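Please read the following note beside the sequence and the coordinates.

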Amino acid sequence: MVRIGDLKVDVLAKCGPPLYEQYVGERKIRTPWGYDKKILEDWIYNFGPTDFIHILRFEGGRLTEILRGERGYPNVD
């Protein structure tokens, strides 16, 4: 569905809004012109008890890592 390198806007279009967004921190990247900061954040998705929690890590607006957590839980409205 989503792949490493996808932009946040593409992930949002494919998966919808996450259950939770978490600011993780910042990473300084050295460039030929000095330093650049990239924001690190996680988007957490719960697809219910028949699937796992998915944690999508973004760095500078691009998907860099896809992690699987525990089994999801039913949505309670």
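1. Is Tyr73 buried, partly exposed or exposed, and what is its relative accessible area? Tyr73 is partly exposed, at a relative accessible area of 42%, where buried means under 20%, exposed means over 50% and partly exposed lies in between, with a 1.4 Å probe and protein chains only. Tyr73 is placed in the segment that follows strand 4 (62–71), strands being DSSP runs of E with at least two residues and helices being runs of H or I with at least four, both numbered from the N terminus.

2. On provenance, this is a predicted model, in which local features need pLDDT of at least 70 and side-chain atom pairs count only at pLDDT 80 or more, whereas totals for chains, interfaces and linings use all residues. Residues are numbered from 1 along each chain as its sequence is written, and side-chain values use heavy atoms, with hydrogens and water left out.

3. Along the principal axes, its C-alpha atoms fill a box of roughly 50 × 20 × 20 Å. Of the 77 residues in the protein chain, 29% count as buried. Among contacts (heavy atoms within 4.5 Å) with a separation of 6 or more, 33% come from residues 24 or more positions apart.

4. Regarding the surface, the protein chain exposes about 5,700 Å², of which carbon and sulfur atoms supply 53%; accessible areas come from the Shrake-Rupley method with a 1.4 Å probe, and for residues only the protein chains shown count as cover.

5. Turning to charge pairs, five salt bridges are counted, each being a side-chain nitrogen of Lys or Arg within 4 Å of a carboxyl oxygen of Asp or Glu. One of them joins Glu41 to Lys8, with the closest N and O atoms 2.5 Å apart. This pair links distant parts of the chain, since Glu41 belongs to strand 2 (residues 34–46) and Lys8 to helix 1 (residues 8–15), 33 residues apart. Glu41 is buried at a relative accessible area of 14%, whereas Lys8 is partly exposed at 26%.

6. A further salt bridge connects Arg27 with Glu59, the closest N and O atoms being 3.3 Å apart. Here too distant parts of the chain are linked, with Arg27 in strand 1 (residues 20–31) and Glu59 in strand 3, 32 residues apart. Arg27 counts as partly exposed at 39% relative accessibility, while Glu59 counts as buried at 18%. Strand 3 covers residues 52–59, and the contacts of Glu59, not counting residues up to four places away in sequence, are Arg27, Ile29, Lys38, Ile39, Leu40 and Thr64. The C-alpha atoms of Glu59 and Lys37 are separated by 9.7 Å, the two residues being 22 apart along the chain.

7. Finally, Asp42 forms a salt bridge with Arg57, the closest N and O atoms lying 2.4 Å apart. Asp42 is in strand 2 and Arg57 in strand 3, so this pair ties together parts that are 15 residues apart in sequence. Asp42 is buried, with a relative accessible area of 8%.
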